[in-house]
Amino acid sequence: MVTTTQMADGHLDELYAALAARVHRIVRGGVRGPDPDIDDACQLAWTRLVDHRADVRRDTALGWLVKTARHEAVRLVARSCRDLSLDALIEGGDPGELID
């Protein structure tokens, strides 16, 4: 039996339809990085919500998704910067030019 605070599998479809664009917009506005990193971070947040649906209440899902996606986006952007810096070193460039 699903309580009123838990999300049933069927409710995830409704929740995604209602919140996906909003989560993406909030994360995009709060994290400066490439669109693919933002997309990946949002997708990961939804995947984690599926895994933790019994622990996340429907009324707190937006905040949970945004926090999870922002954390992942920051991690992905930092990783991208490190990867670009290493590529610049290999090519003989100045890695400091790539970092804001």
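Colleague: Leaving aside its neighbours within four places in sequence, which residues is Thr68 in contact with?

Modeller: Please bear in mind that this is a predicted model. With those neighbours set aside, Thr68 is in contact with Ala45 and Arg48. Thr68 itself is placed in helix H3, residues 61-91.

Colleague: What makes Thr68 buried or exposed?

Modeller: The relative accessible area of Thr68 is 14%. Buried means under 20%, so Thr68, at 14%, is buried.

Colleague: What does the side chain of Thr68 reach, and why does that count as a polar contact?

Modeller: The side chain of Thr68 reaches the backbone oxygen of Trp64 at 2.8 Å. A polar contact requires N or O atoms within 3.5 Å, one able to donate a hydrogen and the other to accept it, so the 2.8 Å pair meets the distance limit.

Colleague: How many helices and strands does the chain have, and which pattern does it follow?

Modeller: The chain has three helices and zero strands, and its pattern along the sequence is α-α-α. Of its 100 residues, 28% count as buried.

Colleague: Which residues have the most contacts inside the largest nonpolar core?

Modeller: That core has 22 residues, and those with the most contacts inside it are Leu19, Val23, Val27, Trp46, Leu49 and Leu65. Helix H1 (9-30), helix H2 (35-51) and H3 each supply at least two residues of this core, and the largest share, eight residues, comes from H3. As for Leu65, not counting residues up to four places away in sequence, it touches Leu19, Val23, Ala45, Trp46 and Leu49.

Colleague: Why is the pair of Tyr16 and Trp46 called edge-to-face?

Modeller: The structure holds one aromatic pair. Tyr16 and Trp46 form it, at 4.9 Å centre to centre with 70° between the planes.

Colleague: What are the relative accessible areas of Tyr16 and Trp46, and how is each classed?

Modeller: Tyr16 has a relative accessible area of 43% and is partly exposed, whereas Trp46, at 7%, is buried.

Colleague: How many salt bridges does a search of the whole structure find?

Modeller: The search finds four. Among them, Asp35 and Arg28 meet at 3.0 Å, N to O.

Colleague: What separates Arg75 and Glu72 in helix H3?

Modeller: Being three residues apart, they are separated by about one helical turn. Their side chains meet in a salt bridge at 2.5 Å, N to O. Arg75 is partly exposed, with a relative accessible area of 40%; Glu72 counts as buried, because its 5% is under 20%.

Conventions:
Residues are numbered from 1 along each chain as its sequence is written. This is a predicted model: local features need pLDDT of at least 70, side-chain atom pairs count only at pLDDT 80 or more; totals for chains, interfaces and linings use all residues. Side-chain values use heavy atoms; hydrogens and water are left out. Helices (H or I, at least four residues) and strands (E, at least two) are DSSP runs, numbered from the N terminus. Buried means under 20% relative accessible area, exposed over 50%, partly exposed in between (1.4 Å probe, protein chains only). Contact means heavy atoms within 4.5 Å. A nonpolar core is a set of buried Ala, Val, Leu, Ile, Met, Phe, Trp, Tyr and Cys residues joined through side-chain atoms within 4.5 Å. Rings of Phe, Tyr and Trp (its six-membered ring) pair if their centres lie within 6.5 Å; planes under 30 degrees apart count as stacked, over 60 as edge-to-face and the rest as tilted.
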